[in-house]
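Student: Before we look at the model together, could you take me through how its terms are applied?

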Amino acid sequence: MNIRTQVIHGGHQVDPQTGAVNMPIYQTTTFKQTELGGGAKWEYTRSENPTRASLEELIASLEHGTAGFAFSSGMSAIHAVMSTLSAGDHILLADDVYGGTFRLVNSILARLGITYDQVDMADLPAVTSAFTANTKMIFLETPTNPLLKLADIQALSLIAHNHQATLAVDNTFATPYNQVPLDLGADFVVHSGTKYIGGHSDVLSGFVVTNDDRHSAEIKYLQMSIGATLGASDSYLVLRSLKTFALRMRAHNDNAQALFNWLQTQSQVAKIYYPGDASSAQYAIAQKQMHGGFGGMISVELQAGLDVKKFVESLKIFTLAESLGGVESLVEVPAVMTHASIPADIRHEHGITDELIRISVGIEDSQDLIADFQQGLAQL
């Protein structure tokens, strides 16, 4: 089934009780049991809720998994995956991973005896060399945040499995419209559903998808035990949003490509990071594993000495804000905003300069977006 049909008819989005074409909001904490100890499917909303279950089935089908799990945020989804590890275990973490993920590993999991090393996931020999006897997981984003570097998921899955480790892929930027990591050998896929899955900047959510029964049972147990589950109302909002997901992603892809083409002609721009850049050395990986398009994210580095603050504050259609993936276009400066928790020396070492701007290209008219950037650069 094509994803454009799947987002509307996948999962069990029709209410089995009434035939309602939209899954209702089952706004309840508990459910009546018909017999003592009868093992009823619905008992308590932290463990199961019909609205959330409908969403979980749909997200699993979109990612070609056998089980999906909805959490209260992307970070709680990542936390659940990393909670499959134990004290003494070691993680190989992408070198320019999202600041919130870095904070979780560096500040929280470290206190529990889980260690990590950061490595360039595009450098396969470096990944192999970084393994220790205790390495149990590779965790990466592709494209990464904010430099949009790509990693070969299939090759990394082979490396991980050869070392009896799991591979977890944050697929937030690419989305299942453009990339399906489980098909390439990943063990876990995670999402900040707050971004493209929700798509309207109005609901926090996170997802984990797997196609392995053992991993599924473990994530289910962690979801219930830790309790950071997605509520029924928020699950309904994400289900609603997913009906237009394929249409939105096509617009995001097309607008980002148009803006990238224009940015290439601008002298004030020193570097552009975009998976669809055919002149990039990583373009072959993009063609190999990104099939729907190249996503709606672009990062640009302005020429040294230009006033980044003045530029982002002069934009009229692009909103200066954190987050991404909504229908509206956003810009942010990672060094000051999303990646400020990473020490400056580490940021600079990994190429996150003070002049770097991350762009989330929305679904507005592409010519209006280009005109807004044009007037912003003219201010400089």
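**Reading the terms against the values**

Tutor: Helix H3 gives the largest share of the lining of the largest pocket, three residues, where helices are DSSP runs of H or I with at least four residues, strands are runs of E with at least two, and both are numbered from the N terminus. This is a predicted model, in which local features need pLDDT of at least 70, side-chain atom pairs count only at pLDDT 80 or more, and totals for chains, interfaces and linings use all residues. Residues are numbered from 1 along each chain as its sequence is written, and side-chain values use heavy atoms, with hydrogens and water left out.

Student: Why is Ile 3 called buried?

Tutor: Buried means under 20% relative accessible area, exposed over 50%, and partly exposed in between, with a 1.4 Å probe and protein chains only; Ile 3 has 16% relative accessibility, and therefore counts as buried.

Student: What does Ile 3 touch, not counting residues up to four places away in sequence?

Tutor: Contact means heavy atoms within 4.5 Å, and on that basis Ile 3, which lies in helix H1 (residues 3-9), touches Leu 62, Pro 176, Tyr 177, Phe 245 and Ala 246. The C-alpha atoms of Ile 3 and Phe 245 are separated by 9.0 Å, although the two residues are 242 apart along the chain.

Student: What makes up the lining of the largest pocket by class?

Tutor: Ala, Val, Leu, Ile, Met, Phe, Trp, Tyr, Cys and Pro count as nonpolar, Asp, Glu, Lys and Arg as charged, and the others, Gly among them, as polar; the lining accordingly has seven nonpolar, ten polar and five charged residues.
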